[in-house]
Amino acid sequence: MALIRTPVRRVLDYTTLSILAFIFALPALYLFLGSLKPSDEVLNGLSGFLPVHLSFDNYAAVLDSLNSESTGHFWQFMGVSVLLSFVVVTGGLIVNSMAAYGLTRLKWRGQNAVFTLVLLLMLIPFESVAVPLFYMFNGQRNTIYIQALPFVANAFAIYQFHTFFKKIPPSIEEAARLDGAGPWRTFFAIIVPMSRPVFASVAILTFLIQWGSFLWPVLMVSDPSVRPLPLEMSVFQGQQPPDWGQILAFGVLLVLPVLVVFAFFQRWFVEGVASSAVKG
């Protein structure tokens, strides 16, 4: 029986959700307002929320300070992060979706054992294998591809695709086989278009993880020409004396691409979440 909510209950629900949303948005609001204020007015407690003395000087200062051969160029750091994220997200969507389809629909010896191994890999934190990977690939330090290679295949992404593919009726693929479609054509022409919600979800989560990646670049990158944006922010923040207005402006510039990606994929992401909730 469907739950019937009274108007009073509905008002209370929306009021509670609005208050919680506002509380969770406060740090982002403080970040944005602080990026527009002079450094000496940033760390002033609750008064930091007051929209006074606002300007874009901090943004201009960040771009000016990172605009030479000695410091590196801001847009170069941004370009490295964009390239790495594009390679990891695009490569991951292809590799992980195909691996999940093979584990879900194709029948072959050792299939269950391989899937169990994938589940076990989800339990291993990257920090525990970072040092062995560092020694394995020490000769490829300060390169673009070595920053992306370990993150293309992802056990959690395979599990997400596997869970979604299992909910697709097998009769759809059986009809495709009767029409003469093989596994490759069935996957790319039928399964992929039907799976946009899970592709969007995996793309967003993979992008978030890769965009904020810090430990691996710390180990593998010392050349500013291949330094991603999060690593450069730690270098920028370590300069003395710290200018908190500029640091927050750098933080806003770091967050903006994430908002753009989420805005682009949000329709399919929300659709995937709603679909999972209904089918669950």
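# Exercises on cavities, pockets and aromatic pairs

About 50 Å³ of space lies in the largest cavity. The model is predicted, so that local features need pLDDT of at least 70 and side-chain atom pairs count only at pLDDT 80 or more, while totals for chains, interfaces and linings use all residues. Residues are numbered from 1 along each chain as its sequence is written, and side-chain values use heavy atoms, with hydrogens and water left out.

## Exercise 1

Describe the lining of the largest cavity by residue, by element and by class.

**Solution.** Begin with the search: on a 1 Å grid over the protein atoms alone, a cavity is a set of points where a 1.4 Å probe fits but cannot get out, and lining residues have an atom within 4 Å of a point. Grid points are joined across faces, edges and corners, and a volume is the space filled by probe spheres set on the points. Over the whole structure, this search finds one cavity of 30 Å³ or more.

Next, list the residues: the lining of the largest cavity consists of Ser 81, Leu 84, Ser 85, Gln 210, Trp 211, Ser 213, Pro 217, Pro 228 and Pro 230. Helix H3 (74-104) and H10 are the elements that give two or more residues to this lining, where helices (H or I, at least four residues) and strands (E, at least two) are DSSP runs numbered from the N terminus. The largest share, three residues, comes from H3.

Finally, sort by class, with Ala, Val, Leu, Ile, Met, Phe, Trp, Tyr, Cys and Pro counted as nonpolar, Asp, Glu, Lys and Arg as charged, and the others, Gly among them, as polar. The lining of the largest cavity then divides into five nonpolar, four polar and no charged residues.

## Exercise 2

Characterise the largest pocket by its volume, its central residues and the elements around it.

**Solution.** A pocket is an open set of grid points with protein on both sides within 12 Å along at least five of seven lines. The largest pocket holds about 850 Å³ of space. It is lined by 27 residues, of which Phe 126, Pro 150, Phe 151, Ala 153 and Asn 154 are the closest to its centre. Two or more lining residues come from each of helix H4 (111-121), H5, helix H7 (155-166), helix H10 (196-211) and H11. By class, the lining of the largest pocket has 21 nonpolar, five polar and one charged residues.

## Exercise 3

**Solution.** Rings of Phe, Tyr and Trp (its six-membered ring) pair if their centres lie within 6.5 Å, and planes under 30 degrees apart count as stacked, over 60 as edge-to-face and the rest as tilted. The structure holds 17 aromatic pairs. Phe 126 counts as partly exposed at 24% relative accessibility, and Trp 216 counts as buried at 1%; here buried means under 20% relative accessible area, exposed over 50% and partly exposed in between (1.4 Å probe, protein chains only).

## Exercise 4

**Solution.** Gln 246 has its place in helix H13 and counts as buried at 16% relative accessibility.

Pro 242 has its place in the loop between H12 and H13 and is partly exposed, with a relative accessible area of 29%. Pro 242 and Ser 39 are 203 residues apart in sequence, and their C-alpha atoms are 8.8 Å apart in space.
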